[in-house]
Amino acid sequence: MATTVAPPRHAPAPPKYERGVWSWLATVDHKKIGQLYLYSALGFFLIGGIEALIIRAQLYGPDGRLVSAETYNMLFTMHGTTMIFMVVMPLSAAFFNYLVPLQVGARDVAFPRLNAFSYWVFISGSLFMNVSWFIHAAPNGGWFGYAPLTTRAYSPGVNIDFWLIGLQILGVSSLAAGFNFIVTIVNMRAPGMHLMRMPIFTWAAFITQFLIVLAFPIITVAVTFLMLDRFFGTNFYTVAAGADPLLWQHLFWLFGHPEVYILILPAFGLVSEVLPTFSRKPLFGYPVMVYSIILIAFLGFGVWAHHMFAVGMGPIADSIFSITTMLIAIPTGVKIFNWLGTMWGGSLRFTTAMLFAIGLVGLFTIGGISGIMHSSVPADLQQTDSYFIVAHFHYVLFGGSMMGLFAGIYYYFPKITGRMLSEELGKAHFWITFVGMNLTFFPMHFLGLHGMPRRISSYNANQGWDLDNHIATIGAFILAFGTLFFVVNMIRSRRSGAIAGNDPWGAPSIEWSLPSPPPDYNYATLPQITSRYPLWDRKAPHLTAEVPHSARGDKQSTIRVAGSAVATAEYGTDLQDDLAVVSFPSAHELGIPMPTPTIKPLLASLGLSVAFSGLIYREKELELIAKMQPATHHVSIAIMLLGGAIFVTALYNWLLTPLEPEH
Amino acid sequence: MTSFHRSRQRLTLALTAVSSLVIAACDKITPNSTLTPHSEFGRAIDGLWRETLVLGTIVFVLVELALIFVIFRFRRRDGSAQPKHVHGNTTLEITWTLIPAVILAFIAVPTVRTIFETQAKAKSSALQVEVIGHQWWWEFRYPQYGVVTANELYLPVGRTASFALKTQDVLHSFWIPELAGKRDLITNRTNYLWFTPESSYVWNGFCAEYCGDSHGYMHFRVFTVAPAQFDAWIASQKSPPAFGGGGAGPAGGAETATARPTLPLHAVPSTPTPAGLAVATASGDAARGADLYKRSMCIACHAVQGVSAGNIGPNLTHVGSRTTIAGSIYPNDAHHLMLWIKNAPLMKPGSIMPALGAGQFDRKTGMTVAAGGLTDQQIADLAAYLLALK
């Protein structure tokens, strides 16, 4: 049942705009920015994974002494921060960037240069935080950074400064991208693409952006307060001056819980694309899937205090947050059932992408059920801050987010690169990951129930935790071994994978009508959208006849794409001229104005990081002065001013340069 | 009829005996289990846990079975027909929205009931205990008796213990998995927690909220004892330290003199001591140690009734009667005490107690202890004195 397109006569040459280092640094093309996000995030995935392996090696047996307690604390802080802000969010951003314009039938995002800026700010914030490793001063306050531990009185070093400044920088990136995608989705949909005809991934992306623009300002405020406390002597969290430490916790989780949905909804969206394609059936209950995303996002803002059941909020608050938490399980459960409904009666093809998607359905369910267990407040008083929670959120974040993102990578890699990932290596990756992930995280349920607290750098013998820790560590190394297959697959297939063609999977949405990789302008003529599954309508109209086609304002018209008709791998009709993939007309030939590449967004983000580095150096200076060692006040201030100057100059130039060449 | 009843009673008894044996056996394997509660609070939690576990398992099994069924039943075979394009089924979708809602209602009602029951005010006859968290040790005060101790908590079986939880510095969380759920210690606030221990044993307690460098080394022990034993303990803690400053006790005094409880394995700390840290002298003189203590910097931070009144570190009045030191991460014996006095920051990351041994490098301050530091002999004398403080 190999169903790829017959190999074309020539391998596709990479399109002109994709050559050279400069083309990447100065790019404003959403597809290239998407790829930058993808490969950077995968790089950080390896770094965060290595941190996890050291953690697991330390905890393999009792009284582990591989790393010191101080280093261990940095490792778990950076593992969490990295995986959340530098892996799962940017991997989702990779798909937002790459897919949203393609799925809505646009030529680019609404603000291409702001988009480039988002990426460069993300990468500088991530590098900024990781640089701290080189001076052994990585953040050590946990990814949640609870005050008062993170205030100057209890964390005098630069560790926390790196964390909060890094987080500020990353927040800028997420917010800029969030607004960009909202505008793109609202304004740039192709003719005929009503909201209820949008591909489900675009819906997930759309709602996620609202979560981002509503949740990130809250963490920005929380972190700004802490910054003011640490650098300018204010007393938001200074307990000696009577501050209430719960201010931080409420602000943090008011951001932190929506953040959980920021991490999971894009993965849900990807899986909702993959399952219908490989079941050869439309998504079961599309409207309900859309409403459940919206409901989850809405309720997601009303459950934050379930992270705080042990802080003593009183029975009324505990009861309310317990019930809202249970409520959010309902739309989540509906999604699981609707995915099962999608597969039910289908014709399932188990590609690697499909395996990862099914993996999400099976594993996220476990995380969801343990989530309901913590919603019962008294039970949570035993579970919270124990390994039971660690097990729970790894089933959500690895079994959910990462599985969904891997499904997305296997599914869209052919579109992005024009080549297929190896199915053999992919399946090895899936199965080893599946086994490794369950071996790593399932025993953690027992560890928590048997009383092992979280975030401890070692534990004594005879606590009944040895066996489960052995298993978890072995599982983690199996997981790492599985990841090797993925890395090899990515590297090899990018160069020598089988040629993909336009539509290797027989997918329903319009991005698959484009050549792989698509030309820089995406669509030569804007597609006319007449249903949720335009490609299936075209390839197998008899099957989609029963699909509700509201013809609100539509003229029935075919989807036309520059240089190629629709490739149809599975339906066996209308196979196009393969050569069309090789040579499509350039934007110039077609008279399509494209935004000019520019380095200014990169320079602006660089200025931001330089300015913040000055702040860190200021700490060093003050420390030296306190120790009565020679130091000067001027260097740090000079660095800050220089950074500010670079930022302002770059931004000013950027605003004065027109987006497109004069024409 | 009666005989039937009797036999059933016997069966129940036998089953209870068997299950309590099983629990005892489990205790050995998993001594900090939340699944074998020994207080009414613990059992209330356990009831909810079991309910969610049963319901969760049913949902889990049904979903995964459906998934597996779908995978095998609907896999694509050669010549599989194109599936029908079904778009949804309103009745079905409403059904699987309502069923979880009903299941959740079954969890929500007892949850809310238990929340209000367990957070009600404790009985006024309860034993009052103040728990004060420090980086990284526990201070326990018994205001009804005027007793202050550290890292080891004594509770009478059958009497409700009501805890007022506070912290001196950052956030901590008070957790004895076998006895109760956890409750955070919040700076500038007082939290409350109460439960009634139901059996006598020694339990491990932990700090469950990340609190900095030695978060993983902030343990404590809970001894639940018969009321008479508790009264005796209170009496001994209230009396001045047994050490009169007289005879020279051997440094290994731990094994002699007063009976310390024999500890089950899980309550004996196994933390290894840092490589390269050693004390040359084997035995110290308690009298010399007592003299030295009064003149040393120890008194700035530590209290010994009638001798010193420092309140930064643990109260040492009856330190010799405790089984562990340093947040219950080392056994309380001459060897560990000496190493601790010599270089605490090396024994416990971030320790606020400085290194005191002459020539020792203090990793916290980054400085080496100058000539004024303690010699190994002085350290041994101090350890002997502390162990004699019963």
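Me: What is the strand order of the open sheet of chain B, and what is its pairing?
Reply: In this predicted model, the open sheet of chain B has 5 strands in the order β4-β10-β9-β6-β7, and the pairing is mixed.

Me: Why are β4(B) and β7(B) said to stand at the edges?
Reply: β4 (152-156) and β7 (183-185) of chain B each have a single partner strand, so one side of each has no neighbour in the sheet. Neighbouring strands of this sheet are turned against each other by 25° on average, with direction ignored.

Me: Which helix packs on the sheet, and which strands does the helix touch?
Reply: Helix α4 (residues 227-238) of chain B packs there, touching β4 and β10 (219-225) of chain B. The direction of α4(B) makes about 135° with that of β4(B).

Me: What makes β6(B) and β9(B) a pair?
Reply: Pairing requires at least two bridges between two strands. Strand β6 (residues 172-175) and strand β9 (residues 201-207) of chain B are joined by 2 bridges, so they count as paired, and they run antiparallel. B:Phe174 has B:Cys207 as its bridge partner in β9(B).

Me: How many bridges join β6(B) to β7(B), and in what sense do the strands pair?
Reply: There are 3 bridges, and the sense is antiparallel. In β7(B), B:Asp184 is the bridge partner of B:Ser173.

Me: Which residues of β6(B) point one way and which the other, and are they buried or exposed?
Reply: B:His172 and B:Phe174 point one way, B:Ser173 and B:Trp175 the other, and all are buried. Side chains in a regular strand alternate between the two faces of the sheet.

Me: Why is α2(A) called roughly antiparallel to α14(A)?
Reply: The axes of helix α2 (residues 30-58) and helix α14 (residues 466-496) of chain A cross at roughly 155° and come within 9 Å. Angles over 145 degrees count as roughly antiparallel, so α2(A) is roughly antiparallel to α14(A). The crossing of these two helices is left-handed.

Me: Which residues of α2(A) and α14(A) meet?
Reply: From α2(A) come A:Gly49, A:Ala52, A:Leu53, A:Arg56 and A:Ala57. They meet A:Ala472, A:Thr473, A:Ala476, A:Phe477, A:Ala480 and A:Thr483 of α14(A). By class, this contact of α2(A) with α14(A) has 7 nonpolar, 3 polar and 1 charged residues.

Me: How do you know that α5(A) and α19(A) are roughly antiparallel?
Reply: Helix α5 (residues 159-187) and helix α19 (residues 600-626) of chain A have axes that cross at roughly 165° and come within 11 Å. The cut-off is again over 145 degrees, and the two helices are therefore roughly antiparallel to each other. The crossing of α5(A) and α19(A) is right-handed.

Me: What makes the contact of α5(A) with α19(A)?
Reply: A:Asp161, A:Phe162, A:Ile165 and A:Ile169 belong to α5(A), while A:Leu608, A:Ser609, A:Phe612, A:Leu615, A:Ile616 and A:Glu619 belong to α19(A). The residues of this contact divide into 7 nonpolar, 1 polar and 2 charged.

Me: How many residues of chain A are in contact with chain B, and which element gives the most?
Reply: 84 residues of chain A are in contact with 78 residues of chain B. α9(A) gives the most to the side of chain A that touches chain B, with 14 residues. That side of chain A divides into 46 nonpolar, 27 polar and 11 charged residues.

How values were computed. Residues are numbered from 1 along each chain as its sequence is written. Chains are lettered from A and ligands numbered from 1 in the order in which they are written. This is a predicted model: local features need pLDDT of at least 70, side-chain atom pairs count only at pLDDT 80 or more; totals for chains, interfaces and linings use all residues. Axes are lines fitted to C-alpha atoms, for helices over the stretch in contact, and angles run from 0 to 180 degrees between N-to-C directions. Helices (H or I, at least four residues) and strands (E, at least two) are DSSP runs, numbered from the N terminus. Angles under 35 degrees count as roughly parallel, over 145 as roughly antiparallel, 65 to 115 as roughly perpendicular and the rest as oblique. A crossing is left-handed if the near helix is turned anticlockwise from the far one by less than a right angle, and right-handed if clockwise. Two residues are in contact if their C-beta atoms, placed from the backbone, lie within 7 Å. Ala, Val, Leu, Ile, Met, Phe, Trp, Tyr, Cys and Pro count as nonpolar, Asp, Glu, Lys and Arg as charged, and the others, Gly among them, as polar. A residue is buried if 20 or more other C-beta atoms lie within 10 Å of its own, exposed if 12 or fewer, and partly exposed in between; C-beta atoms are placed from the backbone.
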